[in-house]
Amino acid sequence: MSCARNRAAWTLPAKAPDMPLSGSYWGAIRGLKRVLTRASGKAAIRSRIAVALLVLCSSPAIPYSARMRREIDMLAYSLEIEEALLPLLPELLEDFWALGANVETIVAAVADLNLPPTSRVVDLGCGKGAVSISLARRLNFQVLGIDLFEPFVDEARERAIQEGVDHLCEFQHGNIVSLANKIEPSDVAVFAALGDTLGKRSETMRILRHYVRPGGYIIIDDGYQRRADAPVIPGFEGAAMRDVALAGWTGEGDVLVAEHIVTGAEEGQAELIAHRAESVANVHPQLADRIRKFAREQAEEYEYLEQEFVSATWVFRRT
Ligand SMILES: C[S@@+](CC[C@H](N)C(=O)[O-])C[C@H]1O[C@@H](n2cnc3c(N)ncnc32)[C@H](O)[C@@H]1O
C-alpha cells in the first residue's frame, strides 16, 4: 500500500451517517430532535439551544468535520479502495503486513528518543499491527494498536502471539476519532500512512494530541510534494510542499524534533498488488472490473509517489 494520503479537507455528508458511528453522538442528536418537534413556545427555544450546545460542546477539541465523517468513508479512503471492495481487503492485501508505514524508520525514530523501557506507545490506525508488533519486539515497549477494520485487528492479535509479544501488545477495534479523549495518554503516538483521513493536518493533530501526554511524542509517517507545480492526482489534491505540510502539523504548537526521509520503500509493491488483484478477480468475476481498477489506481499512485512525493517520518514533541 502506498504510504501517504493527501486529500483536501473532507466534505461533510449532507445527512446523518447511515452507518453507525462509535459512541452515542447521533443517538443523542436524534433524541433531542424528537423533543424539539414535539415542543412549542419556550420549550422549543430551550430544546433548540440544547441541540446547538450539544453540537458545539460534545467534544470541542475534536473537529466537527472529523466527528461527522462516516467510519466506512474513513476506512475506504485510508485504504484507497471503494466501499464495495472492503470485504475483499484481507484477500487483496494478503501479501502485505505493513500497509504503508515505513516500519524500520519508525522503530529507529522511536529508539532515538531514548525512552525508558516501560514506555507506552499507541499506534493509531495500526492496520495489521506491523508497527506495533515491531516496537514491542525490538524495543520492549507496551503498545496499544487501534484500528477500524476488524479483520486487521484480529490479524494483528494473531501475529502478536506468533511473534511472542502478545504480553506487550493490545489491539482494539475502534475509531480513533471517537476514542480520542477516552484513552489514557501514552508517551508516544504513531500515525502512519493515514495522511489526511481524519481531515486537515492541524485538525488531525488536535485529535492525535489527546493520545499523548504533554512532553510526549507524536510520530507522523507521511510526506510532502517535491515541487509546487506537481500535477494533482485524485486523492492527492491536498498534497503540499514541506513548509506548508509542517505548518499544518505544528498548527497546535508542537515542536518538530526529528525528520527522517525515506527512499525506495515502495519498490515492487504495485506489482505485488496487481498480481494478487488478478487472482482475486478470478475468484470474484462479478467484481473483476472494480478489482482491476483498484490495482490500476494503486500503480498510478505508486508512480506519483515515486516521481512527485517525498516520504517523511516526522517526530513532534507535544507541548
Ligand atoms: C493505509 S492503512 C495503514 C495501517 C498501518 N498504520 C500500517 O501502515 O501498517 C490505514 C489504516 O487506518 C485505519 N483507519 C482509517 N480510519 C480510521 C479511524 N478513524 N480509526 C481507526 N482506524 C482507522 C484503516 O482501517 C487502515 O487499517
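**Figure 1. Overview of the contacts and fold of the predicted model.** Of the contacts in the protein between residues at least 6 apart in sequence, 80% join residues at least 24 apart. The model is predicted. Its secondary structure comprises 12 helices and 7 strands. The protein has 319 residues, of which 40% count as buried.

**Figure 2. Close-up of the largest nonpolar core.** This core contains 78 residues. Ala189, Val190, Phe191 and Ile219 are the residues with the most contacts inside the core. Leaving aside residues up to four places away in sequence, alanine 189 touches Val122, Leu124, Leu208, Tyr211, Val212 and Ile218. In soluble globular proteins, nonpolar side chains tend to be buried together.

**Figure 3. Close-up of the shell around the ligand.** The ligand is surrounded by 26 residues, and the closest are Ala101, Gly125, Gly127, Leu148 and Phe149. Two or more residues of the shell come from each of helix 4 (71-78), helix 7 (130-139) and strand 2 (142-147). Helix 4 gives the largest share, 3 residues. Divided by class, the shell holds 19 nonpolar, 6 polar and 1 charged residues.

Figure 4. Helix 7 is mostly covered, with 7 of its 10 residues buried. The buried residues are Ala130, Val131, Ser132, Ile133, Ser134, Leu135 and Ala136. Asparagine 140 follows helix 7 and has a positive phi, near 65 degrees.

**Figure 5. Close-up of the packing of helix 11 against helix 12.** Two packed helices are described by the angle between their axes and the distance between the axes. Helix 11 (residues 269-283) and helix 12 (residues 288-308) pack with their axes 9 Å apart, at an angle of about 180 degrees. Helix 11 is therefore roughly antiparallel to helix 12. On helix 11 the contact is made by Gln269, Ala270, Ile273, Ala274, Ala277, Val280 and Ala281. Helix 12 contributes Ala288, Ile291, Arg292, Phe294, Ala295, Gln298, Ala299 and Tyr302. The residues of this contact comprise 12 nonpolar, 2 polar and 1 charged.

Conventions: Residues are numbered from 1 along each chain as its sequence is written. This is a predicted model: local features need pLDDT of at least 70, side-chain atom pairs count only at pLDDT 80 or more; totals for chains, interfaces and linings use all residues. A residue is near a molecule or strand if its C-beta atom, placed from the backbone, lies within 6 Å of it. Helices (H or I, at least four residues) and strands (E, at least two) are DSSP runs, numbered from the N terminus. Ala, Val, Leu, Ile, Met, Phe, Trp, Tyr, Cys and Pro count as nonpolar, Asp, Glu, Lys and Arg as charged, and the others, Gly among them, as polar. Axes are lines fitted to C-alpha atoms, for helices over the stretch in contact, and angles run from 0 to 180 degrees between N-to-C directions. Angles under 35 degrees count as roughly parallel, over 145 as roughly antiparallel, 65 to 115 as roughly perpendicular and the rest as oblique. Two residues are in contact if their C-beta atoms, placed from the backbone, lie within 7 Å. A nonpolar core is a set of buried Ala, Val, Leu, Ile, Met, Phe, Trp, Tyr and Cys residues joined through C-beta atoms within 7 Å. A residue is buried if 20 or more other C-beta atoms lie within 10 Å of its own, exposed if 12 or fewer, and partly exposed in between; C-beta atoms are placed from the backbone.
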